[in-house]
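This report goes through one protein model, from its overall fold to selected side-chain contacts. Please keep the sequence and the 3D view at hand while reading.

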Amino acid sequence: MNTNQMWLEIKRMLGKPKQKSDFIVNWLIVSKKINFNTYDIHITAMVKYPWYMPSQQSSEEGPLPTVIVFTPNPNVVLKGIPIEQGNLKEKWCSSYNVSIWYYKTAVDFVQRIQLPNSVMKLKLEGKVFYTTCTEDKCLPSEEFHFQMEI
């Protein structure tokens, strides 16, 4: 095998190249049982320094806010909207001429769900649409797809 063939084989084994923000945000998805048919779904983003992630409450006039969308499932009842847990910060962004809300190192989005009494196991799927920024720039918005069995 020559050097070019070896590099092609390595590229094939590694799969498609990662986007820049794949290395900026690490995601963790876990469920926590509250009672026999109620769960909290924790979608946790760990953001590398010096990047930050806009809050769901950020204005669309600045860096795009984070949006979480669950794939419709007749066996899942979403209770409210995802609640953010973390060290929320606010600052004036002169690039957009607007105040922005953001998380610097980590944020935990918690969505409470309820299952019908008869359902014991199911697959929950969704997407997180998010942007990452530094003081100088923002990367294009990305999607993080997730699925888990409950």
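How many helices and strands does the protein chain have? There is one helix, and there are eight strands. The model discussed here is predicted.

## Overall layout

Along the sequence, the elements of the protein chain come in the order α-β-β-β-β-β-β-β-β. The protein chain has 150 residues, and 39% of them are buried.

## Aromatic pairs and cluster

Five aromatic pairs are present in the structure. One of them joins Trp-27 and Tyr-130 in an edge-to-face arrangement, with ring centres 5.2 Å apart and an angle of 65° between the planes. Because Trp-27 belongs to strand β1 and Tyr-130 to strand β7 (residues 123-130), this pair ties together parts of the chain that are 103 residues apart in sequence. Both Trp-27 and Tyr-130 are buried.

Phe-144 and Phe-146 make up a stacked aromatic pair, at 6.4 Å centre to centre and with 25° between the planes. Why does Phe-146 count as buried? The relative accessible area of Phe-146 is 6%, and buried means under 20%. A single aromatic cluster takes in Trp-27, Tyr-130, Phe-144 and Phe-146, together with Phe-70.

## Contacts of charged side chains

Asp-40 sits in strand β2, which covers residues 38-47. Asp-40 counts as buried because its relative accessibility is 10%, against a limit of under 20% for that class. The side chain of Asp-40 makes a polar contact of 2.7 Å with the side chain of Arg-112.

Where does Lys-91 lie relative to Tyr-102? Lys-91 is placed over the face of the Tyr-102 ring, 5.4 Å from the ring centre.

## A nonpolar surface patch

Which residues make the nonpolar surface patch of about 230 Å²? Leu-28, Val-30 and Met-46 form this patch. Val-30 is located in strand β1, which runs over residues 25-35. Strand β1 also holds Trp-27 of the edge-to-face pair with Tyr-130.

Is Val-30 buried, partly exposed or exposed? Its relative accessibility is 37%, so Val-30 counts as partly exposed; that value falls between the limit for buried, under 20%, and the limit for exposed, over 50%. Strand β1 therefore carries both Trp-27, which is buried, and Val-30, which is partly exposed.

Conventions
Residues are numbered from 1 along each chain as its sequence is written. This is a predicted model: local features need pLDDT of at least 70, side-chain atom pairs count only at pLDDT 80 or more; totals for chains, interfaces and linings use all residues. Side-chain values use heavy atoms; hydrogens and water are left out. Patches are made of residues with over 30% relative accessible area and no salt bridge: like charges are joined within 9 Å, nonpolar side chains (Val, Leu, Ile, Met, Phe, Trp, Tyr) within 5 Å. Accessible areas come from the Shrake-Rupley method with a 1.4 Å probe; for residues, only the protein chains shown count as cover. A salt bridge is a side-chain nitrogen of Lys or Arg within 4 Å of a carboxyl oxygen of Asp or Glu. Helices (H or I, at least four residues) and strands (E, at least two) are DSSP runs, numbered from the N terminus. Buried means under 20% relative accessible area, exposed over 50%, partly exposed in between (1.4 Å probe, protein chains only). Rings of Phe, Tyr and Trp (its six-membered ring) pair if their centres lie within 6.5 Å; planes under 30 degrees apart count as stacked, over 60 as edge-to-face and the rest as tilted. A charge sits over a ring if NZ of Lys or CZ of Arg is within 6 Å of the ring centre and within 35 degrees of the ring normal. A polar contact is a pair of N or O atoms within 3.5 Å; within protein, one must be able to donate a hydrogen and the other to accept it, and residues adjacent in sequence count only if both atoms are side-chain atoms.
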